[in-house]
Amino acid sequence: MNDQILKREAKLIVQRCQDQFKQRRQTRYWIKVVNDRYDQTYNFFFNYQRLHQVERSVPVRTITEFDLHRLELLIQEIKRLTEFNIEYEGFYHFLWPSSQRQIQKRGNQVE
Amino acid sequence: MDYSHEPHGVYFLIDNKSFYASVECVSRGLEPLKTCLVVMSEADNTNGGLILATSPMAKQLFHITNVSRRRDLPDDPRLIIVPPRMNLYIKKNLQINTIFQRFVADEDLYPYSIDESILDLTHSWRLFGSSPQQVAQLIQDTVHKELGLRLTVGIGENPLQAKIALDVYAKHDQNFIGQVTYATVPTKLWTISNLVDVWSIGKRTARHLTRLGITNLFELAHSNPYMLVQEMGIIGAQLFALAWGIDRSKLSQRIKPKDKSLGNSQVLPRDYSQQTEIELVIKEIGQQVAARVRHHHQLTSCLSLSIGFAYAADTDTKRSGFSHECKLEPTDESRLITEQLLRLFRQFWQGEAIRNIAVYCSRLCANTGEQLDLFTPLHRQIKQQQFDHVVDQVRAKFGTTSLVMASSLLRGGTLIRRSALVGGHNGGNSFE
């Protein structure tokens, strides 16, 4: 993924999230990034949940380039474009290559 | 009962536990058995939302069943609702079947549905373990390790036993494995008290059997087979064999259908009562089916149009719909096919509101040449045929919606919105 493609990917992901973003009251919106070790992909979802109601999760993009360096750049670009919180799944014990900071703080039910 | 002359093999019927829901859980990094997730289609014609799959935990906690509606779902924060991605499920099904091919030869693997496959392990199970159960567990572990999905396995000496083992026993077993053999027919088959739990017995057949005084499989097995045949025809004999766990079908012998047909049907997003709107959808479906006939290099000489009425019209007229056929000269031309469909519709429709439309082309024959018509100028016939083929080529290259009739943009047209669907639900292409 060169820089141009990376920017395009980030823009596409943010655009698809914006399409789903309805600015409803008492509603939490966030982006979920999943490390899919079975398919060797990074899956992006846009999730939202109104207080005390069901959670909705809409798939927005699957990144097939399974490289943490590129993912880090992609996430940086997404963070530049949007304020949505990003939640990580399947990254427990993984560190961001440049900052060496932990990606996911808590393990989930699978790990 | 002497089973010595019956076929004795080792058959596995393997099913994915809540397939669509499990695939969605895995792609979100969630454990399929511990997450409350439902896959809900919100296509136009689902009346607010139709539940396609429910994870085991959601079934257990909220008693949600498949084909429930959005209104039946509780507003519980533990529940996750996701849209379907049919193309992803097809891809996963292919991956699973590729894993199965490691355990059986290609000719011994029979995909049965999007989440079920029949494996004939008669000749190969000894290569992988000391008992069929051990092999079943190995297959389960392999799929779980490589794809994260859980399988349920029914084991039997014939496909029927495997299917019943799967439906009745494996789903409730701790290891998700069930087994039925000739020796266990009395303990495992005859003890099934509810007839509709058994594969191939639906509500109507069960009612028919109840009228004959048969309410469970034990009674079916001990009824008079001649009486069953007299009452139900060949199905009676099949049911009697089923009750004794007998299935003589040879899966390797592929059944050749007598007459293949091609068709499409759809449930409309609302009740249609205006003639122009209904005719527009009939035209769209007619063109879609004609394109499929051309794609298969076939010509059709019999058309069938089925119309299902809306519930309201249903109660007014006591008719639930109509279905009629007409013969025509072998053709694959969209124009001729839609003309005939509209003629059929105008002939039999009496102004009812409708909800379902189905179009089928049968009596297909290979398209080996064009039969010219003496009464139409030659260049017009050739031009018409070329027109359809050019449209097909453009659509094949640039997508179905690259070229649509302007009328599809009118109120009531469904073609454009349905073009992204797979099996009537969101295909998910745009997310890749």
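The dialogue below goes through the model feature by feature.

Modeller: This is a predicted model, in which local features need pLDDT of at least 70 and side-chain atom pairs count only at pLDDT 80 or more, while totals for chains, interfaces and linings use all residues. Residues are numbered from 1 along each chain as its sequence is written, and chains are lettered from A and ligands numbered from 1 in the order in which they are written.

Colleague: How many helices and strands does chain B have?

Modeller: Helices (H or I, at least four residues) and strands (E, at least two) are DSSP runs, numbered from the N terminus. Chain B has 15 helices and 14 strands. Its C-alpha trace spans about 70 × 55 × 50 Å along the principal axes.

Colleague: What percentage of the residues of chain B count as buried?

Modeller: A residue is buried if 20 or more other C-beta atoms lie within 10 Å of its own, exposed if 12 or fewer, and partly exposed in between, with C-beta atoms placed from the backbone. Of the 432 residues of chain B, 37% are buried. As for contacts, two residues are in contact if their C-beta atoms, placed from the backbone, lie within 7 Å. Among contacts in chain B with a separation of 6 or more, 62% come from residues 24 or more positions apart.

Colleague: Into which domains is chain B divided?

Modeller: Domain bounds come from an automatic or database domain assignment. For chain B these are domain 1 (19-85), domain 2 (190-243) and domain 3 (262-431). The centres of domain 1 and domain 3 of chain B, taken over C-alpha atoms, are separated by 33 Å.

Colleague: Which strands are joined to E10(B) by bridges?

Modeller: Two strands pair if DSSP finds at least two bridges between them. Strand E10 (residues 298-309) of chain B runs antiparallel to strand E12 (residues 354-366) of chain B, with 11 bridges joining them. Within that pairing, Leu305(B) stands opposite Val359(B). E10(B) is also joined by 8 bridges to strand E11 (residues 321-331) of chain B, again in the antiparallel sense. There, Cys302(B) has Lys327(B) as its bridge partner. In a regular strand, side chains alternate between the two faces of the sheet.

Colleague: How many residues lie between the strands of the hairpin formed by E5(B) and E6(B)?

Modeller: That hairpin has 2 residues between its strands. Strand E5 (residues 109-113) and strand E6 (residues 116-120) of chain B pair antiparallel over 4 bridges, and Tyr110(B) has Ile118(B) as its bridge partner. In chain A, E1(A) and E2(A) form a hairpin with 4 residues between them, and Gln40(A) in the turn has a positive phi of about 55°. These two strands run antiparallel and are joined by 10 bridges. Trp30(A) stands opposite Asn47(A) in E2(A), and its bridge partner in E4(A) is Asn85(A). E1(A) pairs with strand E4 (residues 85-89) of chain A in the parallel sense, over 5 bridges.

Colleague: How many residues does each chain bring to the contact between chain A and chain B?

Modeller: Chain B brings 23 residues and chain A brings 24. On the side of chain B, helix H1 (19-27), strand E4 (80-82) and helix H4 (132-147) each give two or more residues, and E4(B) gives the most, with 3. Strand E3 (residues 55-63) of chain A and E4(B) run parallel and are joined by 2 bridges, with Glu55(A) opposite Ile80(B).
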